Amino acid sequence: QVQLVESGGGLVQPGGSLRLSCAASGSIFSINAMGWCRQAPGKQREVVAIITSGGTTTYADAVKGRFTISRDNAKNTVYLQMNSLKPEDTAIYYCQAAPSFSAWYRLSGSWGQGTQVTVSS
């Protein structure tokens, strides 16, 4: 069993930055992919960024060049640095951990409780 705790959400103006954190505990040896999804009101959950245990990263087209995912293996923590934020980035951001990239992409891993990001002037 993997437990995930997200933090770092909040209210920011367009063009601003936020950094989300996701700390994992429990059966962390089983984790080979971690990353972030987001869900805006009335919309489906969508993939934002993924990072594997080998450091390979994948980004949604909508965030490429603005968001950066990274991980600190010593702290079992994944980060999402979000720059040049836009109102359309407003959503609840969820962290997911999975035993493989494919399991992660199927959204079949362990989930955190989510953290709200609001981009508004």
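Student: Why does Tyr94 count as buried?
Tutor: This is a predicted model. In it, Tyr94 has 13% relative accessibility; buried means under 20%, so Tyr94 counts as buried.

Student: Why does Trp111 count as partly exposed?
Tutor: The relative accessibility of Trp111 is 27%.

Student: What makes Tyr94 and Trp111 an aromatic pair that is edge-to-face?
Tutor: Their centres are 6.4 Å apart, and rings pair within 6.5 Å. The planes stand at 85 degrees; over 60 counts as edge-to-face. Tyr94 belongs to strand 9 and Trp111 to strand 10, so the pair ties together parts 17 residues apart in sequence.

Student: Why is the pair of Phe101 and Tyr105 stacked?
Tutor: The ring centres of Phe101 and Tyr105 are 5.7 Å apart and their planes lie at 25 degrees. Planes under 30 degrees apart count as stacked, so this pair is stacked. Both residues are in helix 1, four residues apart, which separates them by about one helical turn.

Student: What places Arg45 over the face of Tyr94?
Tutor: Arg45 is at 3.9 Å from the ring centre of Tyr94, and the distance criterion is within 6 Å. Arg45 also lies over the face of Trp111, at 4.6 Å from the ring centre.

Student: Is Ser27 buried or exposed?
Tutor: Ser27 has 18% relative accessibility; the cut-off is under 20%, so Ser27 counts as buried. Ser27 sits in the loop between strand 3 and strand 4.

Technical notes: Residues numbered from 1 in each chain as written. Predicted model: local features only at pLDDT ≥ 70, side-chain atom pairs only at ≥ 80, totals over all residues. Heavy atoms only, no water. Helix = DSSP H or I, 4+ residues; strand = E, 2+ residues; numbered from the N terminus. Buried < 20%, exposed > 50% of the residue type's maximum accessible area, 1.4 Å probe, protein only. Phe/Tyr/Trp six-rings, centres within 6.5 Å; stacked < 30°, edge-to-face > 60°. Lys NZ or Arg CZ within 6 Å of the ring centre and 35° of its normal.
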